Amino acid sequence: MKHFDVVVIGSGPAGAGAAFKLAENGLSVAIIEKEKLPRYKTCGGGFVYRGRKMLPFDISEVVEKEFYQVDTLIGNEFHFITHREKPVISMVMRDTFDEFLVKKVIEKGGVVIDNCKLTGLRNEADKVILSTTGEEISTRFVIAADGALSPTAKMAGWDKDTRDLIPALEYEVEVSEADFERLSGVVRFDIDAIPGGYAWSFPKKNHLSIGVASSKRTKINLKQSYKDYLVTLGIEHVIAESQHGFQIPVSPRTDGFVKNNVFLVGDAAGFADPVTAEGISNSIYSGLLAAEAIIESKQDVKTAEGLYLVKLNEKMLPEIKTGLMLSKFLYSQPKIRNLFMKKYGQRSFEAMTDVFMGKRSYPTDIMQTLSRRIKGMLFS
């Protein structure tokens, strides 16, 4: 039976980021990926600059487009444009991006086992025995980086899901040359383009990634919302489109992130940004934090668990908590939000862009600030 210090389930940014850090520090690590690499991954592919800064290597060769400006629309009333000297958002296709990250892991001595599905796990003494469609593997630590559905979490004992998941629908869309020329120069993020949610248009090298997502609990016709958004974008004819539905976890699990030697990272833990549902940067960050905890613990499971929770609570979890409150304000209280945006909209989106750039976090007193300013406007 093969043995590794750490086995990572999933070859996306969270898993590859963790594996790279571990291998770089001399631990034996393997990534188990259920599909044959490279593989298509449903994702808008918008990678904000703060995530790009976390990576210890350049990713330029797999970046399809870079955008230094972001357009944010709120209904028909507000249009905010933010600019930065560094790319606010880099566009990637997840098949090439993830494959690139995995190759970096291999360069550091990590092992990648693709086309191999995890079928079960059990704890024996101080180890975890992983059953796969290939062979059994033993390890001291498991990092579950297998996305929003995370079969690994279920196998490890998370028998109920305490995350909030929102529905999203994404299309890879080929449009006319004229429409592509018109739309390929700007990233759009349109709040209220769908009831209680938003739509996006992310230009790639030769096509557009167009999608819709809603925070509403009620049933909503995402396909119709997508069609309506095409009209908003002025697209009359679609040459080809490929539809992908998925769920985005926009709140962390409330029943812990470590259980039976298994550490949850990325979407498996519920770490996507609640405001934008961007998940790549927090996936990488959480993967790095889990790796750091294991390294610093000298491979002691209890110590690593404690370190991981401390690291999560230093920045990531407080920021997500604030993001959840800000998300409710943006998507669930349109009248109050619009009143606020009339005076503070541009300033607010400049601050949000600074979050994307990694220059600041969402302020922990965001709701007090919003309340104070709205009261000031109402009673001035």
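Residues are numbered from 1 along each chain as its sequence is written. In this predicted model, local features need pLDDT of at least 70, side-chain atom pairs count only at pLDDT 80 or more, totals for chains, interfaces and linings use all residues, and side-chain values use heavy atoms, with hydrogens and water left out.

**Exercise 1.** Describe the largest nonpolar core and the contacts of Leu130.

Step 1. A nonpolar core is a set of buried Ala, Val, Leu, Ile, Met, Phe, Trp, Tyr and Cys residues joined through side-chain atoms within 4.5 Å. Buried means under 20% relative accessible area, exposed over 50%, and partly exposed in between (1.4 Å probe, protein chains only).

Step 2. The largest core has 67 residues, and those touching the most other members are Val6, Ile59, Phe97, Leu130, Ile143, Phe271 and Tyr308. Helix α7 (residues 280-296) supplies the largest share, eight residues; helices (H or I, at least four residues) and strands (E, at least two) are DSSP runs, numbered from the N terminus.

Step 3. Another core, of 37 residues, lies apart from this one and includes Ile191 and Tyr362.

Step 4. Contact means heavy atoms within 4.5 Å. Neighbours within four places in sequence aside, the contacts of Leu130 include Val7, Ile9, Ile32, Leu118 and Val142.

Step 5. In soluble globular proteins, nonpolar side chains tend to be buried together.

**Exercise 2.** Decide whether Lys311 is buried or exposed, and list what Lys311 touches.

Step 1. Lys311 belongs to helix α8 (residues 301-314).

Step 2. Lys311 counts as buried because its relative accessibility is 11%.

Step 3. Not counting residues up to four places away in sequence, Lys311 touches Leu289, Glu292, Ala293 and Glu296.

**Exercise 3.** Describe how helices α1 and α7 pack.

Step 1. The axes of α1 (residues 13-24) and α7 are 7 Å apart, at an angle of about 30°. Axes are lines fitted to C-alpha atoms, for helices over the stretch in contact, and angles run from 0 to 180 degrees between N-to-C directions.

Step 2. The residues in this contact include Ala14, Gly17 and Leu22 of α1, and Ile280, Gly287 and Ile295 of α7.

Step 3. By type, the residues of the contact are ten nonpolar, three polar and two charged. Here Ala, Val, Leu, Ile, Met, Phe, Trp, Tyr, Cys and Pro count as nonpolar, Asp, Glu, Lys and Arg as charged, and the others, Gly among them, as polar.

**Exercise 4.** Describe the three-stranded sheet.

Step 1. This open sheet has the order β3-β7-β4 and antiparallel pairing.

Step 2. The average twist from one strand to the next is 25°.

Step 3. β4 and β7 (residues 89-91) are joined by three bridges, and Glu66 has Ser90 of β7 as its bridge partner.

Note on methods:
Pairing = 2+ DSSP bridges.
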